[in-house]
Amino acid sequence: MRYYLRFLVMCPMFSILLASPLFYKGWYHIFYQYHPKSAVWGNIAWGHAVSEDMIHWLHLPSAMVPDNWFDADGVWSGSATILPDGQIIMLYTGSTDKNVQLDWVKYSGNPVLVPLPGIHPKDFRDPTTAWVNGDGKWRVAIGSKVNSTGITLVYETTNFTSFELLDGVMYAVPGTGMWECVDFYPVSTSDANGLDTSFNGPGINHVLKVSLDEEKKDYYAIGTCDPVNNKWTPDNPEMDVGIGLRVDYGVYYASKTFYDQNKERRISWSWIGETDNGRRSDELLKVGA
């Protein structure tokens, strides 16, 4: 295949956007959004590929396809969470004519979360990997905006079938617009190893990363998490989310991290865009990274 890159995860055909990675039972799993039958936007499903070394990938059948009212127009960005008993919980954005956000576990009582009053239906998406709080309850962050202020909302659950919105917002930055693909995870102030998403305690800071929908760039900041009051505070306000550090200064967007418990590291993935520069239509069938 003329345009097939050898050391990036690429779907068998047509475009690809990152959905969610994880390490599970000896295999790295990558889930990605793509149109299985066309090079145009729409009918998005979750493709699935696995690898033992993150270099050689085996593509498996689609993990999820639009087959319910709440994802009739596509299975979009989301995250995977591994529970202590080994279950995998998938949380993703479902696109429909009602524009609702959903959290997904493949069972008949699937819960659906909808935007709050005052938030546009399209400005509520991309749930994070869940983390467990000190009280044993799980939390999930979702990106959104109010007018031009980017915000992070946090929901709490004990069973992933019912969710409660916590008071206020975890963090907000005026003028940054819609926050897509929010990521939230701990980092050690003294050790180089990565940490499980639920790890917390002395010597731990938290990274808040957002993808700015208007700029199509990824920004992050390091700060302190206050789980009791559901607040996160940047260490350096001058290097705040959306105005300070970028994850990458190239064509790098909608990044997502996961904790690789196999090697005690945190790995960041993203999608790399490409543009149509007037080439022949047959060349547009090349695979996107």
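Here are some worked exercises on the predicted model shown above.

Before you start, know that residues are numbered from 1 along each chain as its sequence is written. Local features need pLDDT of at least 70, side-chain atom pairs count only at pLDDT 80 or more, totals for chains, interfaces and linings use all residues, and side-chain values use heavy atoms, with hydrogens and water left out.

**Exercise 1: The whole chain**

Task: Find how many helices and strands the protein chain has, and what percentage of its residues count as buried.

Solution: 
- Step 1. Helices (H or I, at least four residues) and strands (E, at least two) are DSSP runs, numbered from the N terminus. The protein chain has 0 helices and 21 strands.
- Step 2. Buried means under 20% relative accessible area, exposed over 50%, and partly exposed in between (1.4 Å probe, protein chains only). Of the 289 residues, 52% count as buried.
- Step 3. Now take contacts, meaning heavy atoms within 4.5 Å. Among those between residues at least 6 apart in sequence, 47% join residues at least 24 apart.

**Exercise 2: The nonpolar core**

Task: Work out which residues of the largest nonpolar core touch the most other members.

Solution: 
- Step 1. A nonpolar core is a set of buried Ala, Val, Leu, Ile, Met, Phe, Trp, Tyr and Cys residues joined through side-chain atoms within 4.5 Å.
- Step 2. The largest core has 18 residues, and Y171, W179, F184, L208, W232 and V241 touch the most other members. The elements giving two or more residues to this core are β14 (171-173), β15 (179-188), β16 (204-212) and β17 (217-226).
- Step 3. Zoom in on W232: leaving aside neighbours within four places in sequence, its contacts include Y171, F184, L208 and V241.

**Exercise 3: Salt bridges around R125**

Task: Find which side chains meet R125 in a salt bridge, and say whether R125 is buried or exposed.

Solution: 
- Step 1. A salt bridge is a side-chain nitrogen of Lys or Arg within 4 Å of a carboxyl oxygen of Asp or Glu. By this rule the count comes to 9 salt bridges.
- Step 2. One partner is E180, at 2.9 Å, N to O. This pair links distant parts of the chain, with E180 in strand β15 and R125 in strand β9 (residues 124-125), 55 residues apart.
- Step 3. Another partner is D213, at 3.4 Å, N to O. D213 lies in the loop between β16 and β17 and R125 in strand β9, so the pair ties together parts that are 88 residues apart in sequence.
- Step 4. R125 counts as buried because its relative accessibility is 14%. E180 is buried too, whereas D213 is partly exposed, with a relative accessible area of 24%.
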